[in-house]
Amino acid sequence: MPDSLPAPPPALAALLARASVPPRQLGEPGPDPAALDRAVAAALCAPDHGGLRPWRFVFVAGAARVALGEVLAASLARREPATPPERLDLERAKPLRAPLVIAAGAALRHDHKIPVWEQEASAAAGTMNLLNALDAQGYGAIWLSSAALRDPAVKLALGFAETDALLGWIYVGTPMVDRPRPARTDPSPHRRWWAAP
Ligand SMILES: Cc1cc2nc3c(=O)[nH]c(=O)nc-3n(C[C@H](O)[C@H](O)[C@H](O)COP(=O)(O)O)c2cc1C
């Protein structure tokens, strides 16, 4: 950012400072219920064509993370039957890396005039708001994906319909090290003005 710019207002400063925290750096405590509610409230401020309210967040904490690990390991074993036991153990242990895992999804209306991609875009925008809200409240979080997100059995286990979309695993906790705030890339290659030719 050029130095000549005035300091950004606090909300923008928070957006400009957001950074993911890797699961290995996420410790206890996870967010309290009030902080989580605020984060979900922020998610619900995402744009929403048709007012379909597609945002769905499933919180997995404590012992439920062990059960989620079993679901993930079973999914991997089904998809790739030759997976060695050690790799299954790694998959099983994944949800234990942070105090809270949020399955972020979209309840999709496939019969609606609003295209599914717009519904998914709204759910993804909501998930980004959730990440920003967690970061702004001092928690660390990261959005991760895996092939299990597309497994109908995993969706069903988490209470989604097979026709819904799982968009990601949001790992959340308290940053255990000083949070790196990486210098972001120069915005100029990412924007241009258009004028009629
Ligand atoms: C939909 C989505 C899925 C992602 N999945 C992964 C993933 O599986 N593994 C990973 O290392 N990063 C993944 N990322 C990237 C991280 O969330 C994060 O953006 C990246 O580590 C860069 O950190 P930053 O957010 O501080 O720039 C994903 C991001 C998005 C938007």
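Modeller: Gladly. This is a predicted model. Start with helix α2, where the buried residues pack against β2 (55-61), β3 and α5.

Biologist: Which residues of α2 are buried?

Modeller: They are Ala35, Leu36, Ala39, Val40 and Ala43. Buried means under 20% relative accessible area.

Biologist: What puts them on the same side of α2?

Modeller: Their arc around the axis is only 135°, and therefore they lie on the same side of α2. The general rule: an α-helix has 3.6 residues a turn, so residues three or four places apart point the same way.

Biologist: What is exposed on the other side of α2?

Modeller: Ala34, Asp37 and Arg38 are exposed there. The cut-off for that word is over 50% relative accessible area.

Biologist: How do you know that α2 and α5 cross, and what is the angle?

Modeller: The axes of α2 (residues 33-43) and α5 (residues 116-136) come within 7 Å and cross at roughly 145°. The crossing is right-handed.

Biologist: Which residues make α2 meet α5?

Modeller: From α2 come Leu36, Ala39, Val40, Ala42 and Ala43. From α5 come Gly126, Asn129, Leu130, Ala133 and Leu134. By class, this contact has eight nonpolar, two polar and no charged residues. Gly counts as polar.

Biologist: Where do the axes of α3 and α4 stand?

Modeller: Helix α3 (residues 64-79) and helix α4 (residues 85-93) have axes that come within 7 Å and cross at roughly 145°. That crossing is right-handed. On the α3 side, the contact is made by Gly69, Glu70, Leu72, Ala73, Leu76 and Ala77. On the α4 side are Arg87, Leu88, Glu91 and Arg92.

Biologist: How do the residues of the α3 contact with α4 divide?

Modeller: Five are nonpolar, one is polar and four are charged. Glu and Arg count as charged.

Biologist: What makes you call strand β5 mostly covered?

Modeller: Ten of the eleven residues of β5 (residues 165-175) are buried.

Biologist: How do you know that β3 pairs with β5?

Modeller: Pairing needs at least two bridges. Strand β3 (residues 100-106) and β5 have seven, in the antiparallel sense. Ala106 has Ala165 as its bridge partner in β5.

Biologist: How many bridges join β4 to β5?

Modeller: Five bridges join β4 (residues 140-144) to β5, and the two run antiparallel. Leu144 stands opposite Trp169 in β5.

Biologist: And how many join β1 to β5?

Modeller: Two bridges join β1 (residues 26-27) to β5, again antiparallel. At least two are needed, so β1 and β5 count as paired. Gly27 stands opposite Thr174 in β5.

Key
Residues numbered from 1 in each chain as written. Predicted model: local features only at pLDDT ≥ 70, side-chain atom pairs only at ≥ 80, totals over all residues. Heavy atoms only, no water. Axes fitted to C-alpha atoms, helices over the stretch in contact; angles between N-to-C directions. Helix = DSSP H or I, 4+ residues; strand = E, 2+ residues; numbered from the N terminus. Left-handed = near helix turned anticlockwise from the far one by under 90°. Contact = heavy atoms within 4.5 Å. Buried < 20%, exposed > 50% of the residue type's maximum accessible area, 1.4 Å probe, protein only. Arc of directions from axis to C-beta.
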